[in-house]
Every structure is written in C-alpha cells, then in structure tokens.
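Biologist: Hi! I'm new to this one. Could you walk me through it?

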Amino acid sequence: MDDNINHEHDLGYKHILSHKKNFMEFLRSFVKKDWVDLIKEENLILIDKEFIQEDFKEEEADIVYKVNIDGKDIIFYILLELQSKVDFRMPIRLLMYMTEIWRDELKNTKDNIKKRKDYRLPAIIPIVLYNGKNNWTAARNFKEILNGYELFEDNIIDFRYLLFDINRMDKEELIEIANVVSSIFLLDQNVEVDEIINRLKIIGKIIKKGATKEQEKAFRSWIINIFRNRFKGEVKDNIYELLIETSKMEVDDMVSNLGKKLEEELKHREEKGAQHERDKIKKEQIERIKKALKRGYSIEIIMEILEVSVEEIEKVKEQLVN
C-alpha cells in the first residue's frame with residue numbers, strides 16, 4: 001500500500017471505532033481484562049481531538065475515549081498503526097502522545113483543583129492496532145528501549161501497551177466472535193481472493209443477524225472506501241463500481257453481490273491464466289518444431305519425438321518458407 005491508501009485505511013478504522021457500540025464490542029471481544037466489565041457504553045465519551053505529531057499525520061490516526069469507572073477518569077488512547085512495516089519507535093511515540101494528553105488535561109483543569117492533594121491525572125490505556133504482514137517485533141514495554149533499565153527498574157518510567165495484530169488473529173475465533181469489528185478484521189487479513197469470497201458469505205450473515213442500523217452504515221462506509229484497495233487495476237475499478245451500485249442495498253445483499261462479483265473476477269483471472277499457459281506451451285512447441293526442421297529431421301521423426309501432428313508440422317514449414 002502507498003501512504004495515501006494507508007491513511008485512508010487508518011481513517012476507515014477511526015470511523016468504525018468512533019462508534020461507541022463498535023468500540024465496546026472491540027473491548028469485550030478482544031481485551032481479556034477484568035476491567036472491561038466495569039465499562040458501560042453510555043459512560044464513554046469520545047474526545048474530539050487528535051494527538052498525532054505533525055510528522056505522522058499522513059501515516060496514522062488516533063482515537064481517544066474517556067470513561068469514568070468508580071469515580072475515576074480513565075482514558076483509552078488507540079493508535080491506528082495500519083502500516084506495512086513495524087515501527088520500532090512505537091513506545092517513544094506513545095509516551096509523547098500520552099504526555100500531550102496529560103498536558104491537555106492539566107491545561108483544562110482549574111488551578112484550585114490541580115493543587116489539591118487528592119488530584120490525580122487520568123490513567124491512560126495505550127492501544128495499538130496493527131495490520132502489517134510481518135510479525136510485530138517492537139518493544140512492548142517502554143523501559144525496554146532505555147539503556148541500562150535493568151539497573152534502575154524501580155526508578156524509571158514504564159508502561160506496556162495493548163497490541164492487536166490483525167493478521168495474526170485466528171480466523172475461527174473471529175468467526176465465533178461474530179460482530180462488526182471481527183468481520184472487518186476477517187476482511188482485512190492478508191488472504192487470497194478465494195478465501196475472501198468464503199469469508200464474505202459468512203460476514204453477510206453476521207451483519208444481518210447482529211448489527212444495528214448505525215453499525216451497518218459504518219460497515220458499509222468501511223467496505224466501500226477501504227475494501228477496494230485490496231485489489232489492483234481493472235479488478236479494483238470493477239469492485240468499486242459494484243460497491244457504489246449496491247450501496248443502497250441491505251448490507252447482507254451488498255456483501256453477497258460483492259462475493260459473486262469476486263467469484264466472476266476470479267474465474268476470469270483463472271481462464272485468462274489458463275489461456276496464457278496454453279499459448280506459452282503452443283509457442284514453445286512451434287519453436288521446437290522449427291529447430292527440428294532446420295536440423296533436417298524428417299516429418300516422421302518430428303511426429304514421433306515431439307508428439308505433434310502432420311498438420312502442425314506443415315503449418316510451421318509454411319511459416320519458415322514465408
């Protein structure tokens with residue numbers, strides 16, 4: 001993917017996870033922590049502000065949620081790292097973003113409140129969503145990027161971010177989760193076209209059965225703007241045209257039509273490939289007949305060795321004469 005497509009991808013995920021219901025489904029389905037059960041969807045507040053540094057604005061996007069749990073403000077910071085390569089600076093960048101969030105909190109808190117003994121900054125839970133082909137090998141704990149951290153563990157800053165590596169997620173588990181977010185992860189994994197077709201058949205049923213109208217709308221937007229980038233050239237254009245044509249349909253019908261179109265494209269590609277292979281074999285065969293004729297072999301010998309007909313040999317002889 002080029003940088004523009006990557007950024008489209010980031011924004012597509014931002015659109016999906018900016019819907020509170022989708023974000024709650026993401027937490028409940030993929031974050032295996034007891035505190036998830038303490039969060040109520042109605043208490044989530046989406047913070048309409050970005051903390052991405054200027055250098056990275058064209059490469060990634062972020063989402064910030066605040067929630068109150070037992071009287072304590074907690075912030076979820078989700079960095080959408082939908083790039084092809086692992087960024088080993090991730091712990092450093094996350095610390096910078098988290099610091100900016102705390103700075104913003106302090107700036108917007110009255111002095112008399114900040115000076116109180118019981119004043120606390122909100123805890124920030126850093127989350128990274130990654131869909132690259134390579135395994136994520138960047139440090140997960142901040143301290144690991146500090147020289148000599150082993151000597152001073154109690155005296156240095158540290159945190160561990162939650163990582164969600166989409167291409168390493170288990171297909172069967174995603175199908176079992178069966179919600180909008182798991183459906184998008186299924187479509188976003190790096191698989192062949194025939195596997196995408198199989199998954200579309202499953203996803204259509206998932207969306208029809210469990211998604212709200214708002215979630216359907218968000219899913220439709222994601223699949224129109226992002227899914228077409230899975231393909232290249234004429235196939236990409238054909239898929240995009242179909243998605244626009246079917247954008248007013250129910251989502252399951254839209255997905256079904258997309259699956260059928262991909263099947264047609266796959267069949268056409270296979271037929272084109274088979275014809276190309278036949279043409280290649282034919283061309284090689286003609287070249288062998290030419291060489292045999294130039295060396296003076298008789299028609300009978302060429303027929304026996306190359307297993308070709310008299311008619312095929314005669315056609316090649318005509319070409320040599322002309």
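**A first look around**

Modeller: Happy to! A nonpolar surface patch of about 220 Å² is made by Ile92, Met96 and Ile145. Such patches are made of residues with over 30% relative accessible area and no salt bridge, with nonpolar side chains (Val, Leu, Ile, Met, Phe, Trp, Tyr) joined within 5 Å and like charges within 9 Å. Areas come from the Shrake-Rupley method with a 1.4 Å probe, and for residues only the protein chains shown count as cover. This is a predicted model, where local features need pLDDT of at least 70 and side-chain atom pairs count only at pLDDT 80 or more, while totals for chains, interfaces and linings use all residues. Residues are numbered from 1 along each chain as its sequence is written, and side-chain values use heavy atoms, with hydrogens and water left out.

Biologist: Where is isoleucine 92 found?

Modeller: Isoleucine 92 is in helix H3, residues 90-107. Helices (H or I, at least four residues) and strands (E, at least two) are DSSP runs, numbered from the N terminus. Isoleucine 92 has 35% relative accessibility, so it counts as partly exposed. Here buried means under 20% relative accessible area, exposed over 50%, and partly exposed in between (1.4 Å probe, protein chains only).

Biologist: And which residues gather in the patch of negative charge?

Modeller: Asp170, Glu172, Glu173 and Glu176 do, on the surface. Asp and Glu count as negative and Lys and Arg as positive, while His and the chain ends are not counted. The place of a charge is taken as NZ of Lys, CZ of Arg, CG of Asp or CD of Glu. Glutamate 173 sits in helix H5, residues 171-177, and is partly exposed, with a relative accessible area of 39%.

Biologist: Let's go inside. How many residues of helix H2 are buried?

Modeller: Of the 11 residues of H2 (residues 20-30), 8 are buried, so the helix is largely enclosed by the rest of the structure. Among them are Phe23, Phe26 and Phe30, and also Glu25.

Biologist: What about lysine 14, buried or exposed?

Modeller: Lysine 14 counts as buried, at 18% relative accessibility. It belongs to helix H1, residues 3-17. Not counting residues up to four places away in sequence, lysine 14 touches Glu50, Ala61, Asp62, Ile63 and Leu80. Contact means heavy atoms within 4.5 Å.

Biologist: And what does isoleucine 203 touch?

Modeller: With residues up to four places away in sequence left out, isoleucine 203 touches Ser183, Leu186, Leu187 and Phe219. Isoleucine 203 lies in helix H7 and counts as buried, at 0% relative accessibility. Its C-alpha atom and that of isoleucine 223, 20 residues apart along the chain, are separated by 12 Å.

Biologist: New topic: how many salt bridges are there in the whole structure?

Modeller: A search finds 16. A salt bridge is a side-chain nitrogen of Lys or Arg within 4 Å of a carboxyl oxygen of Asp or Glu. In general, side chains of opposite charge can pair when their charged atoms come close. Lysine 49 and aspartate 104 make one of these bridges, at 2.5 Å from N to O. That pair links distant parts of the chain, with lysine 49 in the loop between strand E1 (45-46) and strand E2 (61-69), and aspartate 104 in helix H3, 55 residues apart. Lysine 49 is partly exposed at 36% relative accessibility, whereas aspartate 104 is buried at 16%.

Biologist: Which residue forms a salt bridge with lysine 171?

Modeller: Glutamate 195 does, the closest N and O atoms being 2.8 Å apart. This pair also links distant parts of the chain, with lysine 171 in helix H5 and glutamate 195 in helix H7 (residues 193-210), 24 residues apart. Elsewhere, salt bridges that share partners join Asp87, Arg89 and Arg93 into one network.

Biologist: Last one, on the backbone. What is the phi of alanine 178?

Modeller: Alanine 178 has a positive phi of about 55°, although it is not a glycine. Most residues other than glycine have a negative phi. Alanine 178 lies in the loop between H5 and helix H6 (180-188). Glutamate 307 also has a positive phi of about 55°, and its place is the loop between helix H11 (299-306) and helix H12 (310-321). Glutamate 307 is exposed, with a relative accessible area of 71%.
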